[in-house]
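Please look over the model below before reading on.

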Amino acid sequence: MAEMKILTKYIDDPRSNELEFYESVHGYDGMKKALQMAPEEIVDVVKKSGLRGRGGAGFPTGLKWSFIPKDIPKPKYLICNADEGEPGTFKDRKLIENLPHQIIEGMIIGAKAIGANKGFFYIRGEFNKGIDSMQKAIDEAYAKGYLGKNIQGSGFDFDLVLYAGAGAYICGEETALINSLEGRRGHPRLKPPFPAVSGLYRCPTVVNNVETFSTVPHIIDKGADWYSKIGTEKSPGTRLFSVSGHVKRPGVYEIPLGTPLMDLINDLCGGMLDDMPLKAVIPGGSSVPILTAEECKTANMDFESMAAHKTMLGSGAVIVIGEGTDLVETTYRFARFYAHESCGQCTPCREGTHWVRDLLHKIREGEGTSADLDLILSLSRNMEGGTTICPLSDACVGAVRPTILKFKHEFEARLKDKSAQQPAGTGV
């Protein structure tokens, strides 16, 4: 199989980040078209396209835009979430570094759709190359009249500011990101009210992901019908996947949603590294439940197929795991990450992630018992399902519990009291 490159068609050109090159391949055509459209028309086109958010949740983009109140005196704000921090994920970074004007164009269209005259590009602080690339592109767009006052004589104003965060994973959650932009601690907010009603500076706000904004210009330029015919009925379009782990050709791949997972691994990624047997795949970043090799045979890369397999597309990070990998060590490292990144605001997350990490450390070192393994599973039930303000606690559970349940024999083999262990599959 081959990639279907829409967003990434020119990503490998050495001049792809330059305005002159981007314009030469019809860049900003979608923006020019959108500037002649009514805001409601833009929202309707994005709705009809079926575009779903590419940040993780998969919420319909046009529907999200339609939640912005229309007749209120408050200003409206548009934010691009470029705080890509999920372990295994690196697709947005490629777009930021190589195709920044595509993102800016999508943001201008989004701003026109919701009536926002001010936008923020919130980027992860460690992305030094991306920060330079995006700031250069913003400066070029201002110089060309694509940003600022009266864009292209349309009467529409839009200013865009780049803001570098401090590298906190929690700021990938939209309300924590908003708090960070306001100069506060990156703590998620209780919802409701949702950002569409009370977001940045308590004003109506839309937050979308880098890949989501990058897709919008193509939809406006070529139409909703064109886009909705790509992929599946409920998961239209292409999606970028960051593939890492035990494959011969890791990297970022753009494929139609609905593509079989094994086609991505075997065809585009060249198969397993050193032809080792496949053991498991984490299909959407460290926070989503793991798939066994057997489950991978029937899994497709779309929202519905992943839900049927009790996992998610998440952030689009496909972590391929070959036989011989120590899943106890892998799971411990993920738990350590979530314990470190918890903001500490909610007790189930603040205490639970650290308990899970410490218990896994005991098991990893051969000092754990069957009671410790059961305690992890018990803790996980108290950490999920709306017990916290944001999903970080659930993310830790997603990274740990399914792996323990599906590969329980590996954890039991590391226990100190092997004679006291329960049969595999119990303890839930």
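The points below are grouped by topic.

This is a predicted model, in which local features need pLDDT of at least 70, side-chain atom pairs count only at pLDDT 80 or more, and totals for chains, interfaces and linings use all residues. Residues are numbered from 1 along each chain as its sequence is written, and side-chain values use heavy atoms, with hydrogens and water left out.

**Backbone geometry**

- Helices (H or I, at least four residues) and strands (E, at least two) are DSSP runs, numbered from the N terminus.
- The loop between α8 (174–181) and β4 (205–209) holds P192, and P193 lies in that loop between α8 and β4.
- The K191 to P192 peptide bond is cis, with omega near 0°.
- The P192 to P193 bond is cis too, with omega near 5°.
- R202 lies in the loop between α8 and β4. Its phi is positive, about 60°, although R202 is not a glycine.
- R202 is partly exposed, at 42% relative accessible area. Buried means under 20%, exposed over 50%, and partly exposed in between (1.4 Å probe, protein chains only).
- K310 sits in the loop between α13 (303–308) and β11 (317–322). K310 is not a glycine, yet has a positive phi of about 60°.
- K310 is exposed, with a relative accessible area of 71%.

**Second largest pocket**

- The second largest pocket has about 310 Å³ of space. Of its 18 lining residues, I6, Y10, V25, H218 and K222 are the closest to its centre.
- A pocket is an open set of points on a 1 Å grid over the protein atoms alone, where a 1.4 Å probe fits, with protein on both sides within 12 Å along at least five of seven lines; lining residues have an atom within 4 Å of a point.
- Grid points are joined across faces, edges and corners, and the volume is the space filled by probe spheres set on the points.
- α6 (100–114) and α9 (210–222) each supply at least two lining residues. α9 gives the most, with 4 residues.
- The lining divides into 8 nonpolar, 5 polar and 5 charged residues. Ala, Val, Leu, Ile, Met, Phe, Trp, Tyr, Cys and Pro count as nonpolar, Asp, Glu, Lys and Arg as charged, and the others, Gly among them, as polar.

**Helix α15**

- The buried residues of α15 are C349, G352, T353, V356, L359, L360 and I363. They cover an arc of only 140° around the axis, which puts them on the same side of α15. The arc is that of the directions from the helix axis to the C-beta atoms.
- α15 is followed by G366, whose phi is positive, near 80°.
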